[in-house]
Amino acid sequence: MPRVFSGIQPTGSLHLGNLLGAVRNWTEGQHRADSFFCIVDLHALTVPKRPGEVGDATLELAQVLLACGLDPEVCTLFVQSHVHQHGELAWLLQCVTAMGELRRMTQFKDKSEGKDFVSAGLFTYPALQAADILLYDTDSVPVGEDQRQHIELTRDVAERFNHRYGDTFVLPTATVPAAGARVMDLQEPTNKMSKSAGSDTGTVGLTEDLASVAKKFKRAVTDSDGEVRYDPAAKPGVSNLLSILAASTGGEPAELAEEYSQYGPLKSDTADAVVALLEPVQERFGELRADPAETARLLRVGAEKARSVAVDVMARARANIGLLPLT
Ligand code: TRP
């Protein structure tokens, strides 16, 4: 089976767009590959955080991911800082990464622009990400389009290391899922649903009260021509509802459009479909919230599985560089 690795930052709560995009990709993908899913808490520290903030968000994200269907019997779900090799390998990789390469990263430019404090960690972030991936002899990395550049850098750095020190790392490839529903804001349907940039009434949280979820769909922005048709450019609001309905029920947006002649029923069916999708997730989430020791146990098992792979790759990197072994 191919080895798959992906990471997600514990920053704020997840929304419906995350579930129908990335998270669903993971839950479905876990059966087709030897999958490692990592909550990258060290990456979250690249921007200032309150004491306790990252730990709380990490626990909650683990519980959301488990509630959404990541199965610790099938995949390896773990927390980045629980496996010390991530920080250790990141240093070695920083030493084979050029400043110029890091300067070209568009995510760094976006995240640093206009900020009065820019950490060195934000700049070297891609080297830590490369360590995440390379520590597991990863074949493929499922990520959004915005991460492609970081995976390319990971390959370049791995190749340079292999060239300098001898064959050490597997070269990974980015797999950007073609399908994965692109969920837009319910109030501003030309913008992606986003917890930071989006409107509150346009964003549906995974752990949000279901009555409030239904209300948001009934108030979703459509348009004034009254025709139900799948046409994201001309009819972004209606098309968004159709793609959410399709992603929630397993249909095709354009085919579903033919079943409706009015916006009202489309809105209420989409609301019902999303509520039905979220109900079991929220139930399981509630159980996990009530028993944090069980989540901690699952994360310990995940960290042990991850570590068993990471120690070998780390040892290979140290040996190939020729660091003096501790004997
Ligand atoms: N940089 C990724 C993001 O912002 C998160 C991430 C960290 C990641 N390490 C990773 C993704 C390794 C894939 C593989 O979304």
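Analyst: The crossing of H4 and H7 is right-handed; a crossing has that hand if the near helix is turned clockwise from the far one by less than a right angle, and is left-handed if anticlockwise. This is a predicted model, in which local features need pLDDT of at least 70 and side-chain atom pairs count only at pLDDT 80 or more, while totals for chains, interfaces and linings use all residues. Residues are numbered from 1 along each chain as its sequence is written, and side-chain values use heavy atoms, with hydrogens and water left out.

Helix H4 covers residues 85-94 and helix H7 residues 120-134; they pack at an angle of about 120°, with their axes 8 Å apart. Helices (H or I, at least four residues) and strands (E, at least two) are DSSP runs, numbered from the N terminus. Axes are lines fitted to C-alpha atoms, for helices over the stretch in contact, and angles run from 0 to 180 degrees between N-to-C directions. H4 and H7 are therefore oblique to each other, the class left over when angles under 35 degrees count as roughly parallel, over 145 as roughly antiparallel and 65 to 115 as roughly perpendicular.

From H4, His86, Leu89, Ala90, Leu93 and Gln94 meet Thr124, Ala127, Leu128, Ala130, Ala131, Asp132 and Leu134 of H7, where contact means heavy atoms within 4.5 Å. By class, this contact has eight nonpolar, three polar and one charged residues. Ala, Val, Leu, Ile, Met, Phe, Trp, Tyr, Cys and Pro count as nonpolar, Asp, Glu, Lys and Arg as charged, and the others, Gly among them, as polar.

The loop between H7 and strand S4 (140-142) holds aspartate 137. Aspartate 137 has a positive phi of about 50° although it is not a glycine. At 22% relative accessibility, aspartate 137 counts as partly exposed; buried means under 20% relative accessible area, exposed over 50%, and partly exposed in between (1.4 Å probe, protein chains only).

Another loop, between strand S5 (173-175) and H9, contains lysine 195. Lysine 195 is partly exposed, at 40% relative accessibility. Lysine 195 and leucine 14 are 181 residues apart in sequence and 7.5 Å apart in space, C-alpha to C-alpha. Not counting residues up to four places away in sequence, lysine 195 touches Thr11, Gly12, Ser13, Leu14, His15 and Thr203.

Further along, 12 of the 14 residues of H10 are buried. The buried residues of H10 pack against helix H1 (16-29), helix H9 (210-218), helix H11 (253-257) and helix H12 (263-290).
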